[in-house]
Amino acid sequence: MPCVGIHLQKRCTSFPPQLEYRTNVQTLIFCFFLHFKNYWQMITSTVSPVLKFGLRFLGIWPDASVYSNVYWFSFMISILMVQYFQYLYIFQHLKISELSNLIDCLIVTLDYSLTVFKLIGLWIQRRVFHQILADMDNDWRECINTEHLSVMTIKANISHFICNALFGINTFIGALYLLGDYVIHFVLLTEDYNVTLRQLPIKLQLPFETQRSPIFELLIIAIFVQVMLHVCTFCTLNGLILTLVLHVSGQIDIMCHELKNVSKNALFHESTLSLFQVQIERHKKIISFSKNIESLFSFFAFMQVFWNTLVICCLGFIIIFSIHNKTGTFVLIKTSSGYFVAMTEAFIICFAGEYLSMKGKLIANAIYEMMWYDMLSSQSKIIIFIIMRCQKRLTITAGKMMDMSFETFTSIIKASASYISVLNAMY
């Protein structure tokens with residue numbers, strides 16, 4: 001790389017200023033793409049560094065330090081403490097006159113409860129998660145120095161991009177939701193507004209005085225940090241689902257590619273049986289990996305559907321209330337951000353289940369597109385058994401009761417839209 005820069009610099013010494021500037025820009029672009037290419041080639045895991053850091057913080061990563069368990073228990077205790085004061089606030093303000101404020105508090109409370117159940121479920125299934133990571137490492141080791149490394153690298157880059165986007169977008173939306181009330185009070189500041197009554201970012205019923213300084217400022221900082229950690233946990237869990245599904249989809253693409261590369265001349269050779277044996281072993285690994293994903297996220301999906309339904313109903317009430325209120329514009333923006341996060345969370349797991357099912361069907365299609373009609377009878381029987389095994393779908397279920405797919409997500413959208421339309425008609 002330095003030789004390229006020196007060579008270009010020598011060539012640019014006799015160029016005009018405009019051409020020299022253009023050449024320097026081209027040199028920078030060339031350096032950028034060369035660096036990006038090197039980064040592309042250095043990727044050796046589907047799990048992104050951001051996601052790995054989040055899993056280490058939660059104490060789920062296999063080679064995490066001893067202090068990671070302390071971090072996990074400390075984080076769980078902080079969430080449970082916030083939950084206690086949140087539900088205490090709900091019971092203290094359980095009045096019809098404070099219904100809008102109560103539902104606004106209930107949204108964040110239910111989201112915290114969902115995170116608690118997810119973390120407990122992940123902690124219980126951590127052995128399954130460790131087995132999944134071990135299988136992923138084995139898949140990467142098998143792909144090194146082969147033509148399949150590019151397929152796994154593409155999937156890893158997509159996974160890294162999605163995880164970074166999830167962390168960036170949800171962090172911004174979380175900060176917007178926390179600071180929404182302060183923006184509303186600042187914009188709508190009037191003479192009859194009681195400036196001495198200061199509110200916390202989320203609704204809590206604390207057992208001590210919170211309006212005095214510096215207790216109020218310290219509480220704001222502590223709550224803001226804790227909520228942002230909760231948002232990062234939300235991004236970590238959702239990014240983990242997509243990462244695992246993308247990894248198994250890469251293995252499915254490799255298997256389909258191997259099946260399509262079986263040439264017509266090799267169909268009558270005995271070595272074809274060994275090739276089929278390799279693909280059958282790969283298919284068994286894919287099925288085992290998918291079952292581990294299912295066992296890891298089945299409880300997640302069930303709680304996701306149940307909790308998101310409650311949250312969407314609460315958000316629908318606030319949206320209708322804000323439309324007919326003078327503070328509707330600002331409250332609507334804040335509520336819409338929460339609605340976007342709730343729908344995104346439901347869409348991610350439904351998309352993961354749909355994508356996994358779609359990729360599983362490609363194996364049967366790839367086998368059927370082989371020249372099975374020119375095979376020997378002993379080889380064609382193997383094809384039949386593989387196709388029969390592919391009839392069982394690879395999917396993610398919600399508590400073994402319903403498949404997570406676009407159909408499920410559409411049902412959630414229809415239910416929320418119907419609920420909002422009924423509220424709008426009754427208001």
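## Cysteines

Cysteine 232 counts as partly exposed, at 27% relative accessibility. The cut-offs are under 20% relative accessible area for buried, over 50% for exposed, and partly exposed in between, with a 1.4 Å probe and protein chains only. The sulfur of cysteine 232 lies 6.1 Å from the closest cysteine sulfur, in cysteine 235, which is too far for a bond.

A search of the whole structure finds 0 disulfides, a disulfide being a pair of cysteine sulfur atoms within 2.5 Å. Cysteine 163 is in no disulfide; its nearest cysteine sulfur, that of cysteine 235, is 9.3 Å away. Cysteine 163 counts as buried, at 1% relative accessibility.

## Model and confidence

This is a predicted model: local features need pLDDT of at least 70, side-chain atom pairs count only at pLDDT 80 or more, and totals for chains, interfaces and linings use all residues. Residues are numbered from 1 along each chain as its sequence is written, and side-chain values use heavy atoms, with hydrogens and water left out.

The protein averages a pLDDT of 76, and 77% of the residues score at least 70. pLDDT is the predictor's confidence in each residue, from 0 to 100. Over residues 1-41 the pLDDT is below 50. Beyond near neighbours in sequence, that stretch has 14 contacts in the model, a contact being heavy atoms within 4.5 Å. Residues 190-196 also have pLDDT below 50, with 3 contacts beyond near neighbours in sequence.

Among the elements, helix α1 (residues 2-12) has the lowest mean pLDDT, 41. Helix α6 (residues 126-143) has the highest, 89. Helices (H or I, at least four residues) are DSSP runs, numbered from the N terminus.

## Second largest pocket

The second largest pocket has a volume of about 310 Å³. A pocket here is an open set of points on a 1 Å grid over the protein atoms alone, where a 1.4 Å probe fits, with protein on both sides within 12 Å along at least five of seven lines. Grid points are joined across faces, edges and corners, and the volume is the space filled by probe spheres set on them.

Lining residues have an atom within 4 Å of a point. There are 14, and Tyr89, Arg198, Leu204, Thr210 and Gln211 are the closest to the centre. By class, the lining has 7 nonpolar, 5 polar and 2 charged residues. Ala, Val, Leu, Ile, Met, Phe, Trp, Tyr, Cys and Pro count as nonpolar, Asp, Glu, Lys and Arg as charged, and the others, Gly among them, as polar.

## Two individual residues

Asparagine 292 sits in helix α10 (residues 271-323). Asparagine 292 counts as buried, at 16% relative accessibility. Leaving out residues up to four places away in sequence, asparagine 292 touches Val128, Gln131, Ile132 and Asp135.

Lysine 400 lies in the loop between α12 (377-390) and α13 (406-426). Lysine 400 has a positive phi of about 65 degrees, although it is not a glycine. At 62% relative accessibility, lysine 400 counts as exposed.

Definitions and conventions:
Helices (H or I, at least four residues) and strands (E, at least two) are DSSP runs, numbered from the N terminus.
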